[in-house]
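This report describes the fold, helix packing and aromatic contacts of one protein model. The model is shown first.

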Amino acid sequence: ILSAIRRVERENPILSHESNTTREAIFLVADHILPWCCQYIGNRNQPPLKRVLVLNVIRIGVSFLLHYGDLSITSNSLQECLQFLTSTLSTNENETFPLIPDGKIVEKLINRGYSANSASRAVFMTKNESVNAAIIWAVSHALDESFNDQLVIVGENAEFPGQTTASNDDVIIAREILTKANSCVLKHAAAAPVLWSAAEVITSQTTTNE
């Protein structure tokens with residue numbers, strides 16, 4: 001998108017903001033790219049490194065819209081994305097996370113002759129209550145076929161139910177970016193940050209002179 005706009009600017013700087021290429025790019029960023037990025041950031045299961053890259057795409061998209069976009073289109077897009085991120089934060093705050101077996105209790109069971117897998121399972125199933133509770137569970141389930149299977153906990157890493165997670169930070173950062181941009185739109189201050197410095201963060205492995 002940015003490369004296409006730069007080519008238009010080189011060909012006709014005066015009309016670059018009104019070109020079909022620019023208009024198509026504005027709708028693409030406002031209606032598809034920014035909403036998709038916000039949904040990605042709002043998904044806790046996405047890998048941290050990619051979340052950082054997507055945050056940079058949001059920065060570029062916002063800068064692009066502030067620089068080239070129609071105020072109405074830009075404002076609508078930003079407000080919809082802000083509503084989604086605010087809703088995501090509210091939902092995340094009420095979430096609970098999977099319990100992780102207490103390592104100290106697990107170690108004590110291992111010292112009593114249980115395997116690491118069975119000890120973890122016993123501690124998990126008794127919700128970190130105590131060594132005795134885990135042993136009682138282990139004794140009564142020792143003949144289960146899955147007793148020594150590796151325990152698989154589905155969900156995001158956390159130590160105890162209800163613990164907050166750092167992935168909320170990305171949502172907060174994204175919301176701050178969009179809030180500042182929306183403030184610029186409301187004040188009719190379409191002064192965008194330099195696009196290319198942000199773009200270089202994304203394309204650090206690809207050299208371009210655009």
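In which helix is Ser 75 found? Ser 75 belongs to helix α4, residues 71-93. Helices here are DSSP runs (H or I, at least four residues) and strands are E runs of at least two, numbered from the N terminus.

The structure is a predicted model, in which local features need pLDDT of at least 70, side-chain atom pairs count only at pLDDT 80 or more, and totals for chains, interfaces and linings use all residues. Residues are numbered from 1 along each chain as its sequence is written, and side-chain values use heavy atoms, with hydrogens and water left out.

**Overall content**

The protein has 9 helices and 0 strands, in the order α-α-α-α-α-α-α-α-α along the sequence. Of its 210 residues, 39% count as buried; buried means under 20% relative accessible area, exposed over 50%, and partly exposed in between, with a 1.4 Å probe and protein chains only. Contact is taken as heavy atoms within 4.5 Å. Among contacts with a separation of 6 or more, 73% come from residues 24 or more positions apart.

**Ser 75**

Ser 75 has a relative accessible area of 11% and is therefore buried. Apart from its neighbours within four places in sequence, Ser 75 is in contact with Asn 182 and Val 185. Ser 75 and Asn 182 are separated by 107 residues in sequence, yet their C-alpha atoms are 6.2 Å apart.

Two packed helices are described by the angle between their axes and the distance between the axes. The axes of α5 and α7 come within 10 Å and cross at roughly 55 degrees. Axes are lines fitted to C-alpha atoms, for helices over the stretch in contact, with angles from 0 to 180 degrees between N-to-C directions. The two helices α5 and α7 are therefore oblique to each other; angles under 35 degrees count as roughly parallel, over 145 as roughly antiparallel, 65 to 115 as roughly perpendicular and the rest as oblique.

On the α5 side, Ile 105, Lys 108 and Leu 109 meet Val 131, Ala 134 and Ile 135 of α7. By class, this contact has 5 nonpolar, no polar and 1 charged residues. Nonpolar covers Ala, Val, Leu, Ile, Met, Phe, Trp, Tyr, Cys and Pro, charged covers Asp, Glu, Lys and Arg, and the others, Gly among them, are polar.

In α6, the buried residues are Ser 118, Ala 119, Ser 120, Arg 121, Ala 122 and Val 123. Their cover includes α5 and α7.

**Aromatic pairs**

The whole structure contains 3 aromatic pairs. Rings of Phe, Tyr and Trp (its six-membered ring) pair if their centres lie within 6.5 Å; planes under 30 degrees apart count as stacked, over 60 as edge-to-face and the rest as tilted. Two of the pairs are tabulated.

| Pair | Centre to centre | Angle between planes | Class |
|---|---|---|---|
| Trp 36 and Tyr 40 | 5.2 Å | 35 degrees | tilted |
| Tyr 114 and Phe 147 | 6.4 Å | 70 degrees | edge-to-face |

Trp 36 and Tyr 40 both lie in helix α2 (residues 20-42), 4 residues apart, about one turn of the helix. Trp 36 is partly exposed at 48% relative accessibility, whereas Tyr 40 is buried at 12%.

Tyr 114 lies in the loop between α5 (103-111) and α6 (116-125), and Phe 147 in the loop between α7 (131-140) and α8 (167-186), so their pair ties together parts 33 residues apart in sequence. Phe 147 is buried, at 5% relative accessible area. Ring pairs join Tyr 114, Trp 137 and Phe 147 into a cluster.
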